[in-house]
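Here is a short report for someone meeting this structure for the first time.

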Amino acid sequence: MAGGKGDGGEVVLQTAWLRRFYRSLTFYHIEAETGEVHPQVEVLDTGEGNPDGGPDFFNARLRIGSYVWVGNVEVHRKASEWIRHKHHLDPAYDSTILHVVLDNDIPILSRLAGTPLFTCVMDLDTLDLKRAQAYLENKGTCACADRIRGSLPLSWESWSRSLFDQRIKSKAQRLISLYEALGRDKASVLHQLFMCYMGSRVNNEAFEQVARSLPLRVVRKHTDSLPMLEALYLGQASLLTESIREDYYVDLQERYRFLKTKFSLEPIPPGVIRLLRLRPSSFPHRRLAHMASLRYHYPLFESELAQVAGCSDLRKILQVPLSEYWQHHYTFRAQGERSLGTLSLGTVDSLYLNTLLPLPILDAYALGEVCTDALLEQIWQRASSVKAEKNSIVSKFVAMGFPVKDATHSQAVLELWQTLCSHRSCSLCSLGQKVFSHPISL
């Protein structure tokens with residue numbers, strides 16, 4: 001798991017965490033950090049496997065008392081392996097919100113704060129480990145894949161609608177949680193969430209950290225200057241720390257030093273932004289430069305987003321030119337052979353589906369209203385005009401015979417995979433109940 005990092009035994013433990021094959025979790029060092037007495041802890045999302053260097057999982061979400069924490073998770077047999085692997089010296093682990101272990105043999109301190117790191121002990125027995133091992137052996141497949149090729153034994157349209165509604169409500173709940181955590185400020189919600197998904201999957205959490213570290217009021221003070229905005233975004237991402245003899249780079253460094261001092265800014269730790277296994281169009285430098293350009297062209301960017309009625313509206317907003325330097329560079333010193341393009345249509349569609357599509361439910365919540373069937377119908381209609389997403393998970397279901405015609409269907413199969421298929425929860429699945437005459441226990 002997690003891209004196959006670690007030895008075989010550790011990979012099994014990572015899988016047990018990811019797929020919740022554990023019996024129970026016991027948490028340590030929670031009260032000291034939150035200030036609450038015996039706060040309730042809920043694992044909202046175990047995170048996404050990280051195939052590169054750094055923590056095993058990113059974008060994990062925990063509800064600790066009245067707060068929702070978002071960050072990375074590292075898994076070890078013993079807590080002391082944190083020291084043995086030298087994570088305490090590596091800035092890439094500074095955004096770790098939870099250390100998952102079998103044996104909490106020593107307390108681990110945060111490199112930056114010097115306080116005990118959130119830790120939880122997984123209770124695993126032999127059966128749990130066997131389930132994790134079985135999952136690894138069948139990873140990436142649906143248990144019913146060989147039994148349904150050709151036609152589905154149930155109505156896909158009604159089932160996909162139910163799955164789509166379930167996914168949209170889940171996305172909306174994240175918006176609502178963020179809305180409450182940010183003092184019911186919708187603009188700040190959009191500021192953080194849009195930045196998160198601009199990071200692409202690899203840098204989602206890192207870009208959200210940049211947004212959290214950069215107050216919206218500071219950004220809006222400099223929307224009349226594109227170089228200042230570029231300095232803010234690249235500086236807060238710790239991408240201006242090298243010694244590069246380029247006039248443009250030196251200018252950004254000087255601007256950022258001024259801004260950092262004036263507004264007492266704290267950048268995210270160096271190394272959190274990942275550069276490996278990225279297509280040039282997804283390089284974080286260009287994505288951050290694109291955010292700066294959006295701010296420059298739309299000083300009240302969040303107000304523009306709030307008025308988007310469909311994906312075509314968002315495409316028009318995002319078609320802004322980057323500064324001259326970033327029209328020809330992927331990173332500093334890495335120049336393209338020709339003028340570089342802007343965001344792909346698939347990226348724009350993803351930004352729309354993940355940030356703006358569930359927004360009407362947040363608007364209703366802010367007015368004290370509930371999510372109605374009419375509101376879900378409106379959202380479904382908007383999604384039906386967006387092309388189906390293309391990724392490895394959607395491709396699995398297409399190969400099995402699922403008719404994925406538009407984004408309502410691709411969102412439905414993503415929900416099906418995330419909530420049921422990836423956990424081998426066939427007995428809870430409408431299709432699994434029809435296909436199998438006995439429970440599946442992988």
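## The second largest pocket

Helix α7 gives the most to the lining of the second largest pocket, with five residues. The model is a predicted one. This pocket has a volume of about 970 Å³. Its lining counts 39 residues, and the closest to the pocket centre are Trp 69, Val 70, Ser 95, Ile 97 and Arg 212.

β5 (67-78), β6 (96-103), α5 and α7 each supply at least two lining residues. By class, the lining has 19 nonpolar, ten polar and ten charged residues.

## Two cavities

How many cavities of 30 Å³ or more are there? The count comes to two.

Helix α11 (residues 284-297) provides the largest share, three residues. Here the classes are two nonpolar, six polar and two charged.

## Helix α9, an enclosed helix

Why is helix α9 (residues 226-236) described as largely enclosed by the rest of the structure? Ten of its eleven residues are buried, so the rest of the structure largely encloses it. The buried ones are Leu 226, Met 228, Leu 229, Glu 230, Ala 231, Leu 232, Tyr 233, Leu 234, Gly 235 and Gln 236. They pack against α6, α7 (200-213), α8 (216-220), α10 (247-263) and α11. After α9 comes Ser 238, whose phi is positive, near 60°.

Glu 230 sits in this helix. Is Glu 230 buried or exposed? Its relative accessible area is 2%, so Glu 230 counts as buried. Leaving out residues up to four places away in sequence, Glu 230 touches Gly 235, Tyr 248, Leu 252, Ala 292, Ser 323 and Trp 326. Glu 230 and Ser 213 are 17 residues apart in sequence, and their C-alpha atoms are 15 Å apart in space.

## Gln 192 in helix α6

Gln 192 lies in helix α6 (residues 186-198). Gln 192 counts as buried because its relative accessibility is 8%, and the cut-off for buried is under 20%. Not counting residues up to four places away in sequence, Gln 192 touches Leu 178, Leu 182, Glu 208, Ala 211 and Arg 212. Arg 212 is also among the residues closest to the centre of the second largest pocket.

## Nonpolar cores

In soluble globular proteins, nonpolar side chains tend to be buried together. In this model the largest nonpolar core has 74 residues. Which of them have the most contacts inside it? They are Phe 194, Leu 314, Leu 318, Phe 332 and Tyr 352.

Take Phe 194. Setting aside neighbours within four places in sequence, Phe 194 is in contact with Met 291, Leu 294, Phe 301, Leu 305, Leu 314, Leu 318, Leu 351 and Thr 355. A second, separate core has 26 residues, including Leu 154, Trp 156, Phe 397 and Ala 412.

## Aromatic rings

The whole structure contains 17 aromatic pairs. One of them joins Tyr 179 and Tyr 365. Their ring centres are 6.2 Å apart and their planes stand at 80°, so the pair is edge-to-face. The two residues come from distant parts of the chain, 186 residues apart: Tyr 179 in helix α5 (residues 156-181) and Tyr 365 in helix α15 (residues 359-366). Tyr 179 is buried, at 7% relative accessibility. Tyr 365 is partly exposed, at 31%.

Phe 283 and Tyr 330 also pair edge-to-face, with ring centres 6.0 Å apart and planes at 65°. This pair too links distant parts of the chain, 47 residues apart. Phe 283 is in the loop between α10 and α11, and Tyr 330 is in strand β8 (residues 329-331). Tyr 330 counts as partly exposed, at 24% relative accessibility. Tyr 248, Tyr 249, Tyr 325, Trp 326 and Phe 332 form one aromatic cluster. Tyr 248 and Trp 326 are also among the residues that Glu 230 touches.

Conventions: Residues are numbered from 1 along each chain as its sequence is written. This is a predicted model: local features need pLDDT of at least 70, side-chain atom pairs count only at pLDDT 80 or more; totals for chains, interfaces and linings use all residues. Side-chain values use heavy atoms; hydrogens and water are left out. On a 1 Å grid over the protein atoms alone, a cavity is a set of points where a 1.4 Å probe fits but cannot get out, and a pocket is an open set with protein on both sides within 12 Å along at least five of seven lines; lining residues have an atom within 4 Å of a point. Grid points are joined across faces, edges and corners, and a volume is the space filled by probe spheres set on the points. Helices (H or I, at least four residues) and strands (E, at least two) are DSSP runs, numbered from the N terminus. Ala, Val, Leu, Ile, Met, Phe, Trp, Tyr, Cys and Pro count as nonpolar, Asp, Glu, Lys and Arg as charged, and the others, Gly among them, as polar. Buried means under 20% relative accessible area, exposed over 50%, partly exposed in between (1.4 Å probe, protein chains only). Contact means heavy atoms within 4.5 Å. A nonpolar core is a set of buried Ala, Val, Leu, Ile, Met, Phe, Trp, Tyr and Cys residues joined through side-chain atoms within 4.5 Å. Rings of Phe, Tyr and Trp (its six-membered ring) pair if their centres lie within 6.5 Å; planes under 30 degrees apart count as stacked, over 60 as edge-to-face and the rest as tilted.
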